[in-house]
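These notebook entries record what I looked up in the structure. I worked from strands to cores and then to single residues.

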Amino acid sequence: MHTYTSALSLIGVAVPPHLQADADVPILCTPQAQGDLLIFPVTPPPDLNWEELSGSGIQVIHGEATGNTHWLHPGFDSPGVCWSPVDPENRLGRERGLALGHVRVPAGQSALLIHTDEHGANGIGPGTYAIHGKRQLRLATAQQDGVRAPRHAPGSVAVSRAAPRVSLFERTASWDFVVD
Amino acid sequence: MSSTGLSGTGLSNRPTVLDPSASTDAWIVENLDCGVLTEVDRGRIFDGIQRCYRATDLPWHDHVVWVRSPQELASVVASSRKLIHRWHRQRVRRAGRVPRLLTLGRWAAWIGLRVLAVLAAVAVLVAISWFWFGSLTGPNHSPIGALAYLGFIASWSMVHVVGHVTLWAWRSTVDRVDAARNLKYRIIQPRFVQETRRLLMPAADPRRRPESDSGVDAEADSQADEALAALAPIWYTLWLAPVRSARPPAEVSVREAMACAIPARPMVGWIAYRSLTIVCEPPLELHTEQVAGAIRLHNAAGPAVVWADAAGSVDYYLHGVRVPEHLYREDVRVDDLHREQNSEVRRVVIERLGWPKYIEQAGLRLVASAVDPGNGERELKLYDLPKELRDTKRLLLMVNGSPDHSGRQRQYAELVPAGFDDPIAAVAWQYDCPVEVYRQLARRT
């Protein structure tokens with residue numbers, strides 16, 4: 001069984017000091033979560049394109065805000081672990097779906113989901129699983145937009161120090177995709 | 001996400017042409033420079049603006065006002081009409097007494113000539129009828145009518161010819177003064193903006209060397225376009241937002257502020273009128289972050305923009321959102337936050353404060369709580385948002401499955417739809433998985 005040390009060494013990362021380096025990474029076939037990712041067993045759709053995972057693993061998702069990455073690796077003696085990424089344009093048929101891909105672990109083998117920072121590693125046992133991301137809503141737009149500047153006499157100085165409505169980027173989706 | 005803080009001491013020693021192989025990111029950072037302008041920089045900016053006017057066949061007015069912050073820019077825009085009037089009056093005074101008198105007399109002469117023409121026509125009528133018939137009316141009237149009409153046309157035409165020749169002579173003398181009196185203080189509209197943009201973009205690309213004008217590097221052009229597109233929101237945020245909030249006069253519509261087309265491309269904003277140009281100097285300090293290829297103003301440890309005006313104006317920005325000073329400080333009061341009308345400001349301030357701290361200070365109503373599966377004894381808690389946030393969503397407070405680098409189990413909160421009463425159902429919605437699947441969660445890291 002992998003420990004945090006051996007698991008994180010697969011992606012060239014040292015164990016953060018807040019984690020116990022020699023703690024075992026349990027291999028589970030039940031739903032489990034790593035930060036903003038959820039792994040749970042599913043019956044996979046029939047038309048998936050499976051790719052065998054190489055020894056260097058694959059980046060499942062990279063968090064731009066934090067710079068951290070979730071990696072998927074085959075476990076000890078697990079050459080048959082396969083990964084099928086979901087096309088971002090076709091995730092569950094929704095605008096920005098949450099499914100990132102599917103993992104298939106043959107009998108007698110295992111896979112590891114490893115985080116580059118605080119979440120350590122999760123062991124995945126035989127079976128077929130979906131990996132989902134996470135979403136959250138945003139605060140609603142206010143009805144009243146900013147604060148009106150006071151009227152002023154011509155030629156006098158009138159500078160409003162209220163924060164204007166500044167929204168540099170159009171957001172068409174009503175919720176955010178969360179990645180830590 | 002990368003953050004940069006920039007401060008400068010002038011632009012004269014900057015290279016005028018960058019390496020063509022430089023990435024778009026490097027070009028953007030290179031052009032987010034700031035600092036006090038030297039006289040050489042001002043001269044180059046002045047020449048660049050003059051080139052823009054002449055490129056669009058607009059007469060250059062030589063009337064440039066320099067300001068050092070958007071607040072000063074807003075006050076000058078508000079008093080722009082007064083400035084333009086004063087400048088024109090000075091030009092009229094400098095034109096000389098004779099042309100001024102001539103322009104004033106022009107309208108009097110024009111009216112006088114019309115009156116003279118009418119009197120002349122009447123005099124011709126009277127003279128014809130008296131000479132021909134010895135009285136104002138003839139025996140049959142009809143020849144008198146026709147002759148009178150012909151006489152009227154002839155005299156009117158003669159007067160017009162004389163009048164136009166006279167005015168043409170006067171116009172060549174008083175044209176400058178007359179134009180000065182014809183005040184146009186509208187900001188130059190989209191035609192100017194579009195044409196100067198065409199002028200600005202090739203000239204603004206510092207990677208284009210003068211001898212390679214005919215051989216355009218398409219890749220360099222597209223990178224320059226990308227860089228300009230990334231910088232435009234910064235320019236808009238820096239100058240136009242404060243100017244818009246100052247409510248300039250109704251005759252003036254502030255369309256765009258543009259960075260100046262000089263080879264070094266500093267952070268200079270300017271607003272163009274026909275008879276006035278207002279130029280805002282770069283800030284002393286500028287802090288930004290880059291997220292997903294977009295650049296935005298941001299500083300979590302102080303003002304994001306520091307201006308060089310006498311008042312020492314500073315602007316606070318969090319993730320591209322301008323935050324009032326009283327909401328930026330660490331001990332922000334929840335009452336002040338709730339009074340803020342702008343939802344973007346409320347969002348970034350709450351995120352900076354942290355939802356757990358906000359929940360504690362705002363005293364939110366707890367809707368339900370449940371043990372978080374796979375996370376030991378830690379709980380999920382569901383809260384109502386306060387009515388001051390004008391949002392019916394609910395807030396789900398969670399505890400991280402792993403300790404952070406300080407060894408503490410961090411709390412965080414995220415918004416979920418209002419229809420959830422069960423925290424487990426809410427978190428299952430977040431992951432888009434069946435509720436019964438999430439209840440079986442065996443381990444959370």
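Two strands are taken to pair if DSSP finds at least two bridges between them. I note at the outset that the model is predicted.

**Entry 1: a sheet in chain B**

I began with the question of how many bridges join strand 2 of chain B to strand 4 of chain B. I found 4 bridges, and the two strands run parallel. In this pairing, Val64(B) stands opposite Thr277(B), a residue of strand 4 of chain B. I then looked up the whole sheet: 3 strands of chain B form an open sheet in the order 2-4-3, with mixed pairing. At its edges I recorded strand 2 (64–67) and strand 3 (269–272) of chain B, each of which pairs on one side only. On average, neighbouring strands of this sheet are turned by 15° against each other, direction ignored. I also saw that helix 3 (residues 70–78) of chain B packs on the sheet and touches strand 2, strand 3 and strand 4 of chain B. The direction of helix 3 makes about 170° with that of strand 4 of chain B.

**Entry 2: nonpolar cores**

I next asked which residues have the most contacts inside the largest nonpolar core. They are Val323(B), Leu395(B) and Leu396(B), in a core of 73 residues. Helix 13 (residues 423–431) of chain B gives the largest share of this core, 5 residues. The core draws at least three residues from each of domain 1 (2–91 + 188–323) and domain 3 (359–439) of chain B. Setting aside residues up to four places away in sequence, I listed the contacts of Leu395(B), among them Trp355(B), Tyr383(B) and Leu415(B). A second, separate core has 19 residues, including Val77(B) and Ala272(B).

**Entry 3: Leu53(A)**

I located Leu53(A) in the loop between strand 4 (51–52) and strand 5 (58–62) of chain A. Leu53(A) and Ser78(A) lie 25 residues apart in sequence and 9.3 Å apart in space, C-alpha to C-alpha.

**Entry 4: positive phi in chain B**

I noted that His319(B), a residue other than glycine, has a positive phi near 55°. His319(B) sits in the loop between strand 8 (314–318) and strand 9 (321–323) of chain B. Asp432(B), which is not a glycine, has a positive phi of about 55°. I found Asp432(B) in the loop between helix 13 and helix 14 (435–439) of chain B. With 18 C-beta neighbours inside 10 Å, Asp432(B) counts as partly exposed.

Note on methods
Residues are numbered from 1 along each chain as its sequence is written. Chains are lettered from A and ligands numbered from 1 in the order in which they are written. This is a predicted model: local features need pLDDT of at least 70, side-chain atom pairs count only at pLDDT 80 or more; totals for chains, interfaces and linings use all residues. A nonpolar core is a set of buried Ala, Val, Leu, Ile, Met, Phe, Trp, Tyr and Cys residues joined through C-beta atoms within 7 Å. A residue is buried if 20 or more other C-beta atoms lie within 10 Å of its own, exposed if 12 or fewer, and partly exposed in between; C-beta atoms are placed from the backbone. Domain bounds come from an automatic or database domain assignment. Two residues are in contact if their C-beta atoms, placed from the backbone, lie within 7 Å. Axes are lines fitted to C-alpha atoms, for helices over the stretch in contact, and angles run from 0 to 180 degrees between N-to-C directions.
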